[in-house]
Amino acid sequence: MSVTEMFSYIQGFLSADQDVREDIRKVVQTLEQAAREILTVIQSVHQPSGFKEIPSKCTRARELFCTVRTQITDLKTKFPVEQYYRFHEHWRFVLQRLAFLAAFVVYLESETLVTREEVAKILGIEVVREKGFHLDVEDYLAGVLIMASELSRLAVNSVTAGDYTRPLRISNFINELDSGFRLLNLKNDPLRKRYDGLKYDVKKIEEVVYDLSIRGLAKESESGGNK
């Protein structure tokens, strides 16, 4: 093979690779739009009247996740299944956002931490790497950490809405979450930096709880309170 033939072959390979990446980017853009729509729905719970609408907002969010599952099914067809990590960077951010949205919806519904398996089911993807398009552990953890920041905001807005028991429940949840993350030996730099932000979320929520306590607004919650 001559030098010209060799580089012509390489150019063909690069062009084919670029076509695959462009197809992936187009689908990822639709996923990003779907994620924005879900976020718009569930962020309305931060409004004073939003707390009464939590069940309906969660139901609507779950309906929108149907669109996400369809789009991810389309994404799976754009690249060879064994090359997941080769193109992972294209959808890593939006998958983390979707994991956060799924985690937040589950928390609003049950005030529990969503499992990686539950997130994968909501998104219509796998957990086991060998089965194909899956939810990477680090993407799941990143989504959970984004949720923690959203909960610190929810704690503040709960007080504004006159819900003085919710911040205490959020505080207990976030502290348990922080304890869980302390068990992990995180070496991934982006994930580690995001985890470092968790301590600020913990502090912010503790300040809200402290303010409620000194004002005597949290006394009814000291024995468990009512949800």
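1. Let's start with the secondary structure. In this predicted model, the chain has eight helices and zero strands. Reading from the N terminus, the order is simply α-α-α-α-α-α-α-α.

2. On overall dimensions, the C-alpha trace spans about 85 × 35 × 25 Å along its principal axes. The chain has 227 residues, and 44% of them count as buried. If you look at contacts with a separation of 6 or more, 76% come from residues 24 or more positions apart.

3. The accessible surface comes to about 12,500 Å², and carbon and sulfur atoms account for 51% of that. As for charge, you'll find 32 positive and 33 negative side chains. The centres of those two sets lie 2 Å apart.

4. Now the aromatics, which take up the rest of this note. Searching the whole structure turns up ten aromatic pairs. One of them is Phe100 with Phe104: the ring centres are 6.2 Å apart and the planes sit at 20°, so this pair counts as stacked; the cut-off for that label is planes under 30 degrees apart.

5. Where do Phe100 and Phe104 lie? Both are in helix α3, which covers residues 84-110. They are four residues apart there, or about one turn of the helix. Phe100 has 1% relative accessibility and Phe104 has a relative accessible area of 0%. Both therefore count as buried, given that the limit for buried is under 20%.

6. Helix α3 also supplies Tyr107, which is worth a look together with Phe173 in helix α6 (residues 166-182). Are Tyr107 and Phe173 buried or exposed? Tyr107 is buried, and Phe173 is too.

7. Last, the aromatic cluster. Which residues form it? Phe79, Tyr84, Tyr85, Phe87, Trp91 and Phe133 come together as one cluster.

Definitions and conventions:
Residues are numbered from 1 along each chain as its sequence is written. This is a predicted model: local features need pLDDT of at least 70, side-chain atom pairs count only at pLDDT 80 or more; totals for chains, interfaces and linings use all residues. Side-chain values use heavy atoms; hydrogens and water are left out. Helices (H or I, at least four residues) and strands (E, at least two) are DSSP runs, numbered from the N terminus. Buried means under 20% relative accessible area, exposed over 50%, partly exposed in between (1.4 Å probe, protein chains only). Contact means heavy atoms within 4.5 Å. Accessible areas come from the Shrake-Rupley method with a 1.4 Å probe; for residues, only the protein chains shown count as cover. Lys and Arg count as positive and Asp and Glu as negative; His and the chain ends are not counted. The place of a charge is taken as NZ of Lys, CZ of Arg, CG of Asp or CD of Glu. Rings of Phe, Tyr and Trp (its six-membered ring) pair if their centres lie within 6.5 Å; planes under 30 degrees apart count as stacked, over 60 as edge-to-face and the rest as tilted.
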